Amino acid sequence: MNTTELLLSLQKDSLSINNADISLARAYAMEAVEHVPEPYKTIYSADYFVFLYESFLEIRKCRPDEIIIQEIDPEEYEKALSSIKEKNDIADRKRDAMNRFISIVHIFLTFIVKKPLHPVGMIFPGGLKITEDGTFYYCPVKDKQTETGISFCEFCICKDSEEQ
């Protein structure tokens, strides 16, 4: 499969996400950080969700002639899908909606537009941010989160900030 084929597939899948699903996903994002102190609570729920939603809208309007056509590494693609699926819980409607939503967005960001899974400039505890230098993206928590099993960091295009 190449990036054009994947884009068309994601666009088709995006049609199965309706406003109710987006509302449920948003509610899940808000609940997931209910015990996180400000300003991180707002950053991780509202700001991050806006980033995901804008990326979702980008998927729907993206034209195949706007992307670089490349072959997708089937092993990496399957690993990413498996990671997303194993974190899902279809019995929890909000979590299921969030996972279906991010499965489309994360695959798009990772394999098609090759952008970080969090917005550039997003602040993490300690005031550290996702940055870019014109060539690479850097994340202050990439290496710390990759091994947790609860994040998708291993698939993110970012390098760890210590490599900068």
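This is a predicted model: local features need pLDDT of at least 70, side-chain atom pairs count only at pLDDT 80 or more; totals for chains, interfaces and linings use all residues.
Residues are numbered from 1 along each chain as its sequence is written, and side-chain values use heavy atoms, without hydrogens and water. Local features need pLDDT of at least 70 and side-chain atom pairs count only at pLDDT 80 or more, while totals for chains, interfaces and linings use all residues.

**Exercise 1.** State how many helices and strands the protein has, and in which pattern they follow.

*Solution.* Step 1: take helices (H or I, at least four residues) and strands (E, at least two) as DSSP runs, numbered from the N terminus. Step 2: the count is 6 helices and 5 strands. Step 3: along the sequence the pattern reads α-α-α-α-α-β-β-β-β-α-β.

**Exercise 2.** Compare the radius of gyration of the protein with the value for a compact globule.

*Solution.* Step 1: the radius is taken over C-alpha atoms, and the globule rule is 2.2 Å times the number of residues to the power 0.38. Step 2: for 164 residues a compact globule would have a radius near 15 Å; the protein has 16 Å, which agrees. Step 3: the C-alpha atoms fill a box of roughly 40 × 40 × 25 Å along the principal axes.

**Exercise 3.** Describe the largest cavity by volume, lining and class.

*Solution.* Step 1: on a 1 Å grid over the protein atoms alone, a cavity is a set of points where a 1.4 Å probe fits but cannot get out; a pocket is an open set with protein on both sides within 12 Å along at least five of seven lines; lining residues have an atom within 4 Å of a point. Grid points are joined across faces, edges and corners, and a volume is the space filled by probe spheres set on the points. Step 3: its lining consists of A80, I84, H106, I107, T110, F152 and F155, with α5 giving the most, 3 residues. Step 4: count Ala, Val, Leu, Ile, Met, Phe, Trp, Tyr, Cys and Pro as nonpolar, Asp, Glu, Lys and Arg as charged, and the others, Gly among them, as polar. The lining then has 5 nonpolar, 2 polar and no charged residues.

**Exercise 4.** Do likewise for the second largest pocket.

*Solution.* Step 1: the volume of this pocket is about 280 Å³. Step 2: of its 16 lining residues, L81, K85, N99, R100 and S103 lie nearest the centre. Step 3: α1 (3-14), α4 (74-86) and α5 (93-112) each supply at least two lining residues, and α5 gives the most, with 5. Step 4: the classes are 8 nonpolar, 5 polar and 3 charged.
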